[in-house]
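Welcome to this structure! Here are a few notes to keep beside you as you look around.

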Amino acid sequence: AGQIADRSVQEYYLQFFRERLYRAFRAPRREWQGGQRGAKRPMAPLREGPPRNDPALLRRRNAEIRLALLMNFPFLLDEHIEEIADTRFPDRELDRLLHEILRIHGQKPDLDAGTLKFHLTENGFGTVVDRVLSPQVLNHVASARPGADPEIVREAWSELVRQIERSEEARDVAAAERDLAADMSAETWSRHRSLFERKQRG
């Protein structure tokens, strides 16, 4: 840390290092339960189930909801066409559906929701369209259902995009922290400095 000249950055760098040391060496928390005659003994560790908020599952659900919004409210395609055209979904089937929506929109930009879904089904996307428009997806966001108020639909779209941006930033920060932990040099810090400064500003 002494190699870093900027005092404010140096302080953040040292804080990051102290936090890593604390997490690495803090004593594990022990829970106690009463036994016979008031004796206390440590409880057996509980088995942990699968993570409740699996990032991959959350990203897929976010993609499904965005596709449902596009199919039920095609006006979003006109309002966010550049952003949507740059979007890539990790789920290959969902990504293919997105590109088919864009292709159809490019050829017939004035299609309404029903006609768009008809063309998608005719072009072999019926199964994934049914999956995206299923209650398992639409029950998560009422604004993705047909008939929702357009302004609420726009707000829902913007929030979904912000969720993805926050998720991507969190992944970038985690990767940068691993990189910095492996090589705590001024050069490594310089490479990730702007990312950590954004995180510090919140």
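1. Let's begin with a term: a salt bridge is a side-chain nitrogen of Lys or Arg within 4 Å of a carboxyl oxygen of Asp or Glu. By that rule the structure holds 8 salt bridges. One of them joins the side chains of arginine 131 and aspartate 91, at 3.1 Å from N to O. Arginine 131 lies in helix 6 while aspartate 91 sits in the loop between helix 4 (81-85) and helix 5, so this pair ties together parts that are 40 residues apart in sequence. Helices here are DSSP runs (H or I, at least four residues), numbered from the N terminus.

2. A word on what you are viewing: this is a predicted model, in which local features need pLDDT of at least 70 and side-chain atom pairs count only at pLDDT 80 or more, while totals for chains, interfaces and linings use all residues. Residues are numbered from 1 along each chain as its sequence is written, and side-chain values use heavy atoms, with hydrogens and water left out.

3. Now look at helix 2, where arginine 61 and glutamate 64 are 3 residues apart, or about one helical turn. They form a salt bridge whose closest N and O atoms are 2.7 Å apart. Arginine 61 is partly exposed at 22%, whereas glutamate 64 is buried at 3%.

4. Helix 8 has a pair of its own: arginine 154 and glutamate 151 are 3 residues apart there, about one turn of the helix. Their side chains meet in a salt bridge at 2.7 Å, N to O. Through shared partners, salt bridges also join Arg61, Glu64, Asp91, Glu93 and Arg131 into one network.

5. Finally, the nonpolar core: a set of buried Ala, Val, Leu, Ile, Met, Phe, Trp, Tyr and Cys residues joined through side-chain atoms within 4.5 Å. The largest one has 35 residues, and those with the most contacts inside it include Leu67, Leu97 and Ile101. Helices 2, 3, 5, 6, 7 and 8 each supply at least two residues of this core, with the largest share, 7 residues, coming from helix 2.

6. Which residues does isoleucine 101 touch, leaving aside its neighbours within four places in sequence? Isoleucine 101 is in contact (heavy atoms within 4.5 Å) with Leu67, Met71, Leu77, Leu116 and Leu120.

How values were computed. Buried < 20%, exposed > 50% of the residue type's maximum accessible area, 1.4 Å probe, protein only.
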